[in-house]
Amino acid sequence: MKVYVWGTGCGAGDLIDRGLDPSEISAFLDGEGRGGSFLGRPVIGPEALQGADFDLVLVASRQAEAIAAKAEELGLPREKLLFLKNNWTLKDRNLSYEAAARVLPRELLEELRRPELPMREPLWLEQSPLTARDLENDCVRLRSLEAICRRLSGVPGDAAELGVYRGGFARCINALLPERQLWLFDSFSGFDEEEVRHQAAGLVEAHRLTDGEKVLSLLPHPERAVIRKGFFPETAAGLEKLRFALVSLDADLEASTLEGLRWFWPRLSPGGALLLHDWANPRLPGVARALERYEAELGKALPGVPLCDVCGTLVLTKPRDLDL
Ligand SMILES: C[S@@+](CC[C@H](N)C(=O)[O-])C[C@H]1O[C@@H](n2cnc3c(N)ncnc32)[C@H](O)[C@@H]1O
């Protein structure tokens, strides 16, 4: 068997630590011409494989894009390359595991096939109730939500989302906080006509087609959810005494976001978190403006930590020992 490992860094070392016997490796490949040896095996340039016969190349480097391009340039058969690092995407770039199954022990292959998710350890994230479909959505946003929810134990209050749309994120909140009441605020018919007057037609149209009942049917714990259909803040009337441990504020536009901040921030429990979606989204500048306006009203900046998720969420948190 001719097995090569592409990479001479931590990924390659990790492969050995996980049980690959170095004596079964013909050589390590290194695109930077390092040469010499690694873990007792020779280090050669990938060009050496051009036209050569081999069984498998285990790509144990995060430079997956560059390596895939180089392999193509050298004419290496794609099905004989097994990419082990997918650069934080959740997509498996491997076309086939057949060549690997002929070479690697079954347990090691199974271990390597598990998707590499950010924050895979510790175990509690492995046991996440989120499904693969949820995680396709916005990995950083959802993984951050998981971590935040874990920090909420002992924080009193319900959960809420303003701006539910088709319930993609509400589903995740409901799965992660099954013990908490989940208040779902949305018109379920799109944005307020007045507020949306100068917005792009696509954004407006795309948000019209939603249905509260359908959202409920998608939730893993629908009995914990309450739909408040209509325009916020009118739909919050009568709920003034509630307190919240987690709020997802995802209303897209300035006036509704400002109303959301005015209503939810004073009701956020100490230790709670308010996820302000789109705060750094250049296509929805009204969200950041709403926060600026609210902070000006309060006369102070709110404590917030930005996420590097797709739409630039800002996580506003209320310290446990301070009731702002
Ligand atoms: C971007 S979508 C929410 C997406 C959802 N949070 C998710 O992650 O899947 C924004 C939603 O906010 C709702 N919305 C905006 N302003 C509102 C208001 N004042 N009252 C009720 N719903 C509002 C719209 O109807 C739309 O469904």
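Hi everyone, thanks for coming. One thing to keep in mind from the start is that we are looking at a predicted model.

Let's begin with the overall layout. The protein is divided into domain 1, covering 3–113, and domain 2, covering 123–317. Between the C-alpha centres of domain 1 and domain 2 there are 42 Å.

Now, the sheet. What is the order of the strands in the open sheet of 6 strands? Reading across, you get S3-S4-S2-S1-S5-S6, and the pairing is mixed. Strand S3 (37–38) and strand S6 (81–83) are the edge strands, so each of them pairs on one side only. If you are new to this, strands of a sheet pair through backbone hydrogen bonds, and they can do that in a parallel or an antiparallel way. Take S1, residues 3–6, and S5, residues 56–59: these two run parallel and are joined by 4 bridges. Within that pair, tryptophan 6 stands opposite valine 59 in S5.

Next, the cores. In soluble globular proteins, nonpolar side chains tend to be buried together. Here, the largest nonpolar core has 47 residues, and Ala160, Leu184, Val247 and Phe264 are among those with the most contacts inside it. Let's zoom in on alanine 160. Leaving aside residues up to four places away in sequence, alanine 160 touches Leu182, Trp183, Phe185, Phe244, Val247 and Phe264.

Let me pick one more residue, valine 215, in helix H10 (residues 212–218). Is valine 215 buried or exposed? It is buried, because 24 other C-beta atoms lie within 10 Å, and the cut-off for buried is 20 or more. Not counting residues up to four places away in sequence, valine 215 touches Val164, Arg166, Gly167, Ala170 and Leu184. Leucine 258 is 43 residues from valine 215 along the chain, and their C-alpha atoms are separated by 25 Å.

Finally, the ligand. How many residues surround the ligand? There are 20, and the closest are Gly163, Tyr165, Gly168, Phe169 and Ser256. Helix H8 (168–176) and strand S8 (182–186) are the elements that give two or more residues to this shell. Sorted by class, the shell has 8 nonpolar, 7 polar and 5 charged residues.

That's my tour. Happy to take questions!

Technical notes: Residues numbered from 1 in each chain as written. Predicted model: local features only at pLDDT ≥ 70, side-chain atom pairs only at ≥ 80, totals over all residues. Core = buried A, V, L, I, M, F, W, Y, C linked by C-beta atoms within 7 Å. Buried ≥ 20, exposed ≤ 12 C-beta atoms within 10 Å, placed from the backbone. Contact = placed C-beta atoms within 7 Å. Domains from an automatic or database assignment. Near = placed C-beta within 6 Å. Nonpolar A, V, L, I, M, F, W, Y, C, P; charged D, E, K, R; others polar.
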